[in-house]
Every structure is written in C-alpha cells, then in structure tokens.
Amino acid sequence: MFMLGLIGLLIIIMGIQLKRGKWYGIIAGNTFKDKPMEVQKKGAKGASNIAFIVGGFLIIVYMFILLNINIRPVIIIFLISVCLFSAYSIYRYLKHFIKYGE
C-alpha cells in the first residue's frame with residue numbers, strides 16, 4: 001500500500017522534470033536527438049500532463065485506501081476521463097505529426 005503512494009510521488013516528480021525541460025530521454029520512442037527543441041518540448045509537455053494525472057490518481061487512491069473509503073466510483077470516473085483525455089491527446093499529436101511529416 002505504501003508503494004502505491006511512493007510510485008505516485010515518483011511519477012509526479014518525473015512530470016515536474018519533464019515540464020522543466022529535463023529527462024527527455026525517458027520518453028518512450030525518444031528520437032529527439034535530431035529534432036529541434038520545439039518538438040522536444042511538445043513531446044515532453046504531453047508526457048508530463050499524463051504523468052501528473054496518473055501520479056495524482058495513485059496518490060488519491062492511496063489516501064482513500066488509508067481512510068478505508070470505497071474507491072470504486074472514483075476509479076470509474078477517473079478511467080472514463082483518462083480514456084477521453086488520452087484519445088484526444090493521441091488524435092491531436094497524430095494530426096500534428098501527419099500534417100508536418102514528422
């Protein structure tokens with residue numbers, strides 16, 4: 001149970017570092033070495049937003065478990081909102097990369 005909160009905290013720290021412009025190498029499929037800095041920042045921004053959402057969710061679940069609160073409604077609402085946000089993000093990034101050929 002403690003590990004759930006710790007992993008959530010580490011994911012939030014990762015999101016902060018990505019927002020600051022650090023740790024680009026941890027993004028999956030990183031081929032940014034030959035890309036301009038603007039493309040690297042856009043990829044890191046998307047990854048950091050997702051890291052904040054997932055890390056925050058893990059910490060909320062950890063707190064609910066500590067307080068013995070039923071978390072099923074929270075998980076259902078979270079999963080629906082994350083699925084919608086993820087579909088929108090994927091659509092937006094694919095549209096951008098298809099449009100510019102990268």
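A residue is called buried when its relative accessible area is under 20%, exposed when that area is over 50%, and partly exposed in between (1.4 Å probe, protein chains only). By that rule, Phe-57 and Phe-78 are both buried. Keep in mind that this is a predicted model, where local features need pLDDT of at least 70 and side-chain atom pairs count only at pLDDT 80 or more, while totals for chains, interfaces and linings use all residues. Residues are numbered from 1 along each chain as its sequence is written, and side-chain values use heavy atoms, leaving out hydrogens and water.

Let's stay with those two phenylalanines. A search of the whole structure turns up one aromatic pair (ring centres of Phe, Tyr or the six-membered ring of Trp within 6.5 Å). The ring centres of Phe-57 and Phe-78 are 3.7 Å apart and their planes meet at 5°, so the pair counts as stacked (planes under 30 degrees apart; over 60 is edge-to-face and the rest tilted). The pair joins distant parts of the chain, since Phe-57 belongs to helix H2 (residues 37-66) and Phe-78 to helix H3 (residues 72-100), 21 residues apart. Helices here are DSSP runs of H or I with at least four residues, numbered from the N terminus.

Now turn to helix H1 (residues 2-20), where you will find Gln-17. Gln-17 counts as buried because its relative accessibility is 14%. Beyond its neighbours within four places in sequence, Gln-17 is in contact (heavy atoms within 4.5 Å) with Lys-22 and Trp-23.

Leu-10 also lies in helix H1, and with a relative accessible area of 48% it is partly exposed.

Methods
Helix = DSSP H or I, 4+ residues; strand = E, 2+ residues; numbered from the N terminus.
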